[in-house]
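These notes are for a colleague with the coordinates open.

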Amino acid sequence: MRKTLSALAAAAITATVAIGPANAHHSFASYDLTQHKLVEGNVKQWNYNNPHSWLLIEAPDENGELKTWSFEGAAIVHAARQGVNGTTYKKGEHVKVVMSPLRDGRPAGAMCFVVKDDGSFTKPNDGVCNSDAIIASWEENGWIKDGKNLDVHPAPPVVK
């Protein structure tokens, strides 16, 4: 029995080394990674938890109706490495979220970065974008300063 378990463990380690670690526990297939959309509104709720954090904001949709928008972010350990914690977003706080929207059109997406009213950037993303490069691009093009709610801009190709 012990030899069988040792052989299985050795096989698993060999397979992991040969194949490499799993890319992720899920894909981003439900999100349109070819574009980034800016959504501007007020924080309704910040859920800093595993396996994903979630930011919910109240913002108008295309028809001007106030909707709750939901944005998927990183797990606690990854968010913390990027300077995001459980008190990063406060209820009622005004934010601009740049995200990759859901393909089906519902008011939700995968966060790339968030701009707070004081001009600071937070990066609660789950690896869906290179937030430093995207922030630089959005600043260079004036899309943050002059951006309007629901503005859409092309996203650079995802590097795998």
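1. His36 is buried, at a relative accessible area of 2%; buried means under 20% relative accessible area, exposed over 50%, and partly exposed in between (1.4 Å probe, protein chains only). The residue lies in strand S1, residues 35–47. Helices (H or I, at least four residues) and strands (E, at least two) are DSSP runs, numbered from the N terminus. Leaving aside neighbours within four places in sequence, the contacts of His36 (heavy atoms within 4.5 Å) include Val98, Met99, Ser100, Cys112, Cys129, Ile134 and Trp138. Asp151, Val152, His153, Ala155 and Pro156 are also among them.

2. The model is predicted: local features need pLDDT of at least 70 and side-chain atom pairs count only at pLDDT 80 or more, while totals for chains, interfaces and linings use all residues. Residues are numbered from 1 along each chain as its sequence is written, and side-chain values use heavy atoms, with hydrogens and water left out. The average pLDDT of the chain (the predictor's confidence in each residue, from 0 to 100) is 83, and 81% of the residues score at least 70. Residues 4–24 have pLDDT below 50, and this stretch has 2 contacts in the model beyond near neighbours in sequence. Where pLDDT is low, the predicted coordinates should not be read in detail.

3. On the overall layout, the chain has 3 helices and 7 strands. Their order along the sequence is α-β-β-β-α-β-β-β-α-β. The chain has 160 residues, of which 39% count as buried. Of the contacts between residues at least 6 apart in sequence, 58% join residues at least 24 apart. The accessible surface (Shrake-Rupley method with a 1.4 Å probe; for residues, only the protein chains shown count as cover) is about 9,300 Å², and 57% of that belongs to carbon and sulfur atoms.

4. Two of the contacts of His36, Cys112 and Cys129, form a disulfide with an S to S distance of 2.0 Å. A disulfide is a pair of cysteine sulfur atoms within 2.5 Å, and the structure holds 1. The link of Cys112 and Cys129 is right-handed, with 100 degrees about the S-S bond.

5. Which residues of H3 are buried? They are Ser131, Ile134, Ile135 and Trp138. Down the axis of H3 these buried residues fall within an arc of 100 degrees, so they line one face of the helix; the arc is that of the directions from the helix axis to the C-beta atoms. An α-helix has 3.6 residues a turn, so residues three or four places apart point the same way. The buried residues of H3 pack against S1, strand S4 (94–101), S5, S6 and strand S7 (152–154). Gly142 follows H3 and has a positive phi, near 75 degrees.

6. The structure holds 7 salt bridges, a salt bridge being a side-chain nitrogen of Lys or Arg within 4 Å of a carboxyl oxygen of Asp or Glu. One of them joins Lys44 and Glu58, at 3.3 Å from N to O. Lys44 is in strand S1 and Glu58 in strand S2 (residues 54–60), so placed that the pair links distant parts of the chain, 14 residues apart. Lys44 is partly exposed at 38% relative accessibility, and Glu58 is partly exposed at 21%.

7. Lys116 and Glu93 also form a salt bridge, with the closest N and O atoms 3.1 Å apart. Lys116 lies in strand S5 and Glu93 in the loop between helix H2 (76–81) and S4, so this pair ties together parts that are 23 residues apart in sequence. Both Lys116 and Glu93 are buried.

8. A further salt bridge is that of Lys145 with Asp146, where the closest N and O atoms are 3.9 Å apart. Lys145 is exposed, with a relative accessible area of 71%, whereas Asp146 counts as partly exposed at 48%.
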